[in-house]
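Let's take a walk through this structure together, one part at a time. Have the sequence and the 3D view ready.

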Amino acid sequence: MAAAAAALKATGVADADAARYTPLSGGTYNTVVRVDLDDQRQWVVKIPPPPDTPRLGYEHELLRGEVLFYASAATAADIPVPEVVHSELDPHAAGGPCLISTLRPGTPWHEISGSVPDDERRRLREELGRLVARLHTVAGTGFGYPAEPFGPPTATWRQAFTGMMDAVLDDAERHRASLPVPVARVRELFAAVAGVLDDVVTPTLVHFDLWEGNLLLDGAAGARTLSGVIDGERMFWGDPVADFVSLALLGNVEDDADFLSGYAAVAGPPRFDDSVRLRLALYRAYLYLIMLVEAVPRGYSAEQSARTQRYVTPQLLAALRDMEAAGG
């Protein structure tokens with residue numbers, strides 16, 4: 001809590017010592033603390049781990065992505081994201097990097113999912129589709145991660161995503177992660193189909209972590225609304241189709257008729273042609289590789305690792321089969 005109090009003091013908060021600090025769970029990378037001030041303000045303080053902490057290559061100065069995501073999403077209509085109160089992004093700053101943002105109302109969707117009846121869930125999924133379609137109206141000027149872990153923004157999506165995929169496979173080798181196929185084989189499969197990425201010509205704002213844990217619901221049962229889109233730290237500028245992976249984590253977004261209906265109402269019906277389905281396979285492979293590889297630097301327990309392997313490995317293998325089928 002001392003680090004959170006120090007971050008508050010850096011913003012000029014006089015009563016930082018009197019504030020109430022509550023650790024928030026759900027993430028595995030940053031330290032996240034809720035702060036309740038005496039004047040009723042409610043903030044969230046996010047502090048990254050020390051620079052010598054084991055991590056994946058893309059996890060370079062992630063707070064830069066989160067700050068940019070909130071600012072960029074706010075330019076679209078009715079996207080309920082936190083407001084940035086203060087950010088220190090210099091990793092060499094005296095007090096270290098941090099992000100202070102407003103606390104959005106609501107509860108993470110996955111925590112109350114079992115109490116949401118089917119009709120309300122369908123309505124919320126449609127509402128989510130509309131929201132994501134609005135999010136995808138925000139365009140950037142180059143492709144890739146804003147913190148530039150693999151170099152400056154690129155002019156093509158193929159170049160940016162190739163760097164992203166190469167990096168997570170390098171991570172797998174460096175951390176000696178347990179994967180169901182050799183890294184060299186994944187590289188071969190990816191190289192055979194990477195040309196499909198040239199179908200993407202506009203760098204679009206992609207959250208890439210839109211599972212229910214990062215979506216807040218607020219209101220009484222039966223009248224809940226989407227009250228927050230949080231944890232935008234893994235955002236990048238890329239193919240909007242990539243967001244469909246975490247939106248249907250361990251599943252297939254084509255089966256989510258309610259989400260697709262809401263998306264279509266704003267952006268027109270998504271086309272699931274051969275190009276889109278192959279690109280989805282690439283993005284699924286990327287996300288599921290991250291989920292398997294990060295277990296090592298995160299220091300998962302044997303039980304956590306086994307559970308991750310049980311659920312994620314079949315999804316990765318299915319994505320690789322789709323890539324193999326398309327690559328001939």
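Helices (H or I, at least four residues) and strands (E, at least two) are DSSP runs, numbered from the N terminus. Keep in mind that this is a predicted model, in which local features need pLDDT of at least 70, side-chain atom pairs count only at pLDDT 80 or more, and totals for chains, interfaces and linings use all residues. Residues are numbered from 1 along each chain as its sequence is written, and side-chain values use heavy atoms, with hydrogens and water left out.

What lies over them? After H1 comes Gly12, with a positive phi near 90°.

H1 turns up again in the second largest pocket, where it gives the largest share of the lining, four residues. Helix H2 (62-73) and strand E4 (84-88), like H1, each supply at least two lining residues. The pocket holds about 540 Å³ of space. Of its 28 lining residues, those closest to the centre are Pro48, Pro49, Pro91, Gly96 and Pro97. A pocket here is an open set of points on a 1 Å grid over the protein atoms alone, where a 1.4 Å probe fits, with protein on both sides within 12 Å along at least five of seven lines; lining residues have an atom within 4 Å of a point. By type, the lining has 17 nonpolar, six polar and five charged residues.

Finally, two loops. Most residues other than glycine have a negative phi. Gln40, in the loop between E2 and E3, has a positive phi near 80°. Gln40 is exposed, with a relative accessible area of 66%. Glu148 also isn't a glycine, yet its phi is positive, about 60°. You'll find Glu148 in the loop between helix H4 (118-135) and helix H5 (157-175), partly exposed with a relative accessible area of 39%.

Technical notes:
Grid points are joined across faces, edges and corners, and a volume is the space filled by probe spheres set on the points. Ala, Val, Leu, Ile, Met, Phe, Trp, Tyr, Cys and Pro count as nonpolar, Asp, Glu, Lys and Arg as charged, and the others, Gly among them, as polar. Buried means under 20% relative accessible area, exposed over 50%, partly exposed in between (1.4 Å probe, protein chains only).
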